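Please keep the sequence and the model at hand while reading.

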Amino acid sequence: MSRRDTAPGASAAIGAALYGLATRAARRLPRDMSLTSAATLATLDRTGPRRITDLAAVEGVTQPAMTTLVRVMEESGLVERRGDTSDKRVTLVCLTEAGASYVRTRRQAGVRAFDRLIGELSGDEVEALVAALPALKHLAELEGQDREGPKQ
């Protein structure tokens, strides 16, 4: 089916359903840190070490706000700053093992929450989700490319 073959408004309806699901999922996450902090850790996990200015742009905050956030996460042992071997003037923010473990644990909790919800669906609904997996993965890739820019 081509994009032109979809029913009028289908993209908006799909977008609304996905947005509603994402916002409900975000509300269920542990409140042990801000969403911006958790998102920053997840970005570092996906993309590797980044400059503070890059992280600020990706997460949609000011550079001073990201500097403060990184300092707090550094004091918590979740990130560390390292020099860039290709440019000695640059400092990169890197995940520590504790930060990577936090991201894995948070991701696993989210997967388990969705697993429980999917367990309440009918067989036909689960099959529909399975059929939609390639499109959902592609959407995630497109969104990631849009937000994260080039990897350092």
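## Helix H5

In H5, the residues Gly-99, Ala-100, Tyr-102, Val-103, Arg-106 and Ala-113 are buried. Buried means under 20% relative accessible area, exposed means over 50%, and partly exposed lies in between, with a 1.4 Å probe and protein chains only. Viewed down the axis of H5, these buried residues fall within an arc of 160°, so they line one face of the helix. The arc is that of the directions from the helix axis to the C-beta atoms. The other side of H5 holds the exposed residues Glu-97, Val-111, Asp-115 and Arg-116. The buried residues of H5 pack against helix H2 (35–47) and E2, where contact means heavy atoms within 4.5 Å.

H5 covers residues 97–118; at 1.5 Å a residue its 22 residues should span 32 Å, and its end C-alpha atoms are 31 Å apart, which agrees. The expected span is 1.5 Å times one less than the number of residues. Helices (H or I, at least four residues) and strands (E, at least two) are DSSP runs numbered from the N terminus.

## Basis of the model

The model is predicted: local features need pLDDT of at least 70, side-chain atom pairs count only at pLDDT 80 or more, and totals for chains, interfaces and linings use all residues. Residues are numbered from 1 along each chain as its sequence is written, and side-chain values use heavy atoms, with hydrogens and water left out.

Strand E1 (residues 79–84) and strand E2 (residues 87–95) run antiparallel and are joined by 6 bridges; two strands pair if DSSP finds at least two bridges between them. E1 and E2 form a hairpin, with 2 residues between them. Arg-82 stands opposite Leu-92 in E2.

Cys-94 is also in E2 and, at 5% relative accessibility, counts as buried. Beyond its neighbours within four places in sequence, Cys-94 is in contact with Pro-49, Leu-78, Val-79, Glu-80 and Arg-82. The C-alpha atoms of Cys-94 and Arg-81 are separated by 6.1 Å, although the two residues are 13 residues apart along the chain. Thr-96 lies in the loop between E2 and H5. At 15% relative accessibility, Thr-96 counts as buried. Apart from neighbours within four places in sequence, Thr-96 is in contact with Gly-77, Leu-78, Val-79 and Glu-80.

The buried residues of H4 are Met-66, Leu-69, Val-70 and Met-73. Down the axis of H4 they fall within an arc of 100°, so they line one face of the helix. Pro-64 and Glu-75, on the other side of H4, are exposed. H2, H3, E1 and E2 are among the elements that cover the buried residues of H4.

The largest nonpolar core has 18 residues, of which Leu-41, Met-66, Val-79 and Val-93 touch the most other members. Such a core is a set of buried Ala, Val, Leu, Ile, Met, Phe, Trp, Tyr and Cys residues joined through side-chain atoms within 4.5 Å. H2, helix H3 (52–59), helix H4 (63–75), E2 and H5 each give two or more residues to this core; H4 gives the most, with 4 residues. Not counting residues up to four places away in sequence, Met-66 touches Thr-40, Ile-52, Leu-55, Ala-56, Glu-59 and Val-61.

## Annotated region

UniProt, in an unreviewed entry, places the feature "domain: HTH marR-type" at residues 11–138. UniProt positions are given in the numbering used here, feature names are shortened, and annotations may be inferred rather than shown by experiment. Over residues 11–138 the chain is 70% helix and 12% strand, and the end C-alpha atoms are 15 Å apart.
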